[in-house]
Amino acid sequence: TVVALKDKRNIVDKDRRTPEMDAAITAIVGAEKFAKLVEAARSSIGQDLSPIDNAAVVQWATKVVSLCDSRVHVNDYLSGRLDSVAPNLRLLLGDVVTSRLISRAGSLENLAKMPSSTLQVQLYIY
């Protein structure tokens with residue numbers, strides 16, 4: 001059984017694959033690679049997943065998509081907060097490094113009080 005993602009939300013079995021799904025996958029991986037994937041799936045000598053295994057794979061894939069969506073939401077939130085709290089630092093270092101520096105210093109005020117040599121050490125750690 002081949003599991004395909006449709007619009008990152010609906011996970012379907014290979015037997016329920018549609019031309020629209022094929023076109024979406026082709027757009028992601030390219031026509032040549034898609035053709036190789038289809039041929040490999042046809043000539044595979046492996047056995048199909050049992051319904052229990054297929055359900056586990058679908059459940060796992062759904063959780064992965066959910067975690068990816070959560071990560072996007074958290075990154076958007078972080079970006080918005082840093083835009084209002086430390087916009088210059090965010091533009092210089094990016095969201096992740098800025099938030100780690102502020103966290104490591106304990107607060108934005110403590111970070112502002114640190115000498116530049118301390119900041120160089122902090123950046124070197126990351």
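**Figure 1. Salt bridges around Arg-90.** Arg-90 forms a salt bridge with Asp-95, and the closest N and O atoms lie 2.7 Å apart. A salt bridge is defined here as a side-chain nitrogen of Lys or Arg within 4 Å of a carboxyl oxygen of Asp or Glu. The model is predicted: local features need pLDDT of at least 70, side-chain atom pairs count only at pLDDT 80 or more, and totals for chains, interfaces and linings use all residues. Residues are numbered from 1 along each chain as its sequence is written, and side-chain values use heavy atoms, with hydrogens and water left out. The side chain of Arg-90 also meets that of Asp-83 in a salt bridge, at 3.2 Å from N to O. Side chains of opposite charge can pair when their charged atoms come close.

Figure 2. Arg-90 counts as buried because its relative accessibility is 18%. Asp-83 is partly exposed, with a relative accessible area of 42%. Asp-95 is likewise partly exposed, at 22%.

Figure 3. The side chains of Glu-109 and Lys-113 meet in a salt bridge, at 3.3 Å from N to O. Both residues lie in helix H6 (residues 108–113), four residues apart, which is about one turn of the helix. Glu-109 is exposed, and Lys-113 is exposed as well. The structure holds four salt bridges.

Figure 4. Helix H3 spans residues 51–85 and has 35 residues. From its first C-alpha to its last, H3 reaches 51 Å, close to the 51 Å expected at 1.5 Å a residue; the expected span is 1.5 Å times one less than the number of residues. The buried residues of H3 are Asn-54, Ala-61, Val-65, Ser-79 and Leu-82. Arg-81 is found in helix H3 and is partly exposed, with a relative accessible area of 44%. Arg-81 and Asp-95 are 14 residues apart in sequence, and their C-alpha atoms are 9.6 Å apart in space.

**Figure 5. A nonpolar surface patch.** Ile-28, Val-29 and Leu-37 make a nonpolar surface patch of about 290 Å². Patches are made of residues with over 30% relative accessible area and no salt bridge; like charges are joined within 9 Å, and nonpolar side chains (Val, Leu, Ile, Met, Phe, Trp, Tyr) within 5 Å. Ile-28 is found in helix H1 (residues 19–29) and is exposed, with a relative accessible area of 71%.

Figure 6. From the N terminus on, the elements run β-β-α-α-α-α-α-α-α. Of the 126 residues of the chain, 17% count as buried. The accessible surface of the chain comes to about 9500 Å², of which 58% belongs to carbon and sulfur atoms; accessible areas come from the Shrake-Rupley method with a 1.4 Å probe, and for residues only the protein chains shown count as cover.

Technical notes
Buried < 20%, exposed > 50% of the residue type's maximum accessible area, 1.4 Å probe, protein only. Helix = DSSP H or I, 4+ residues; strand = E, 2+ residues; numbered from the N terminus.
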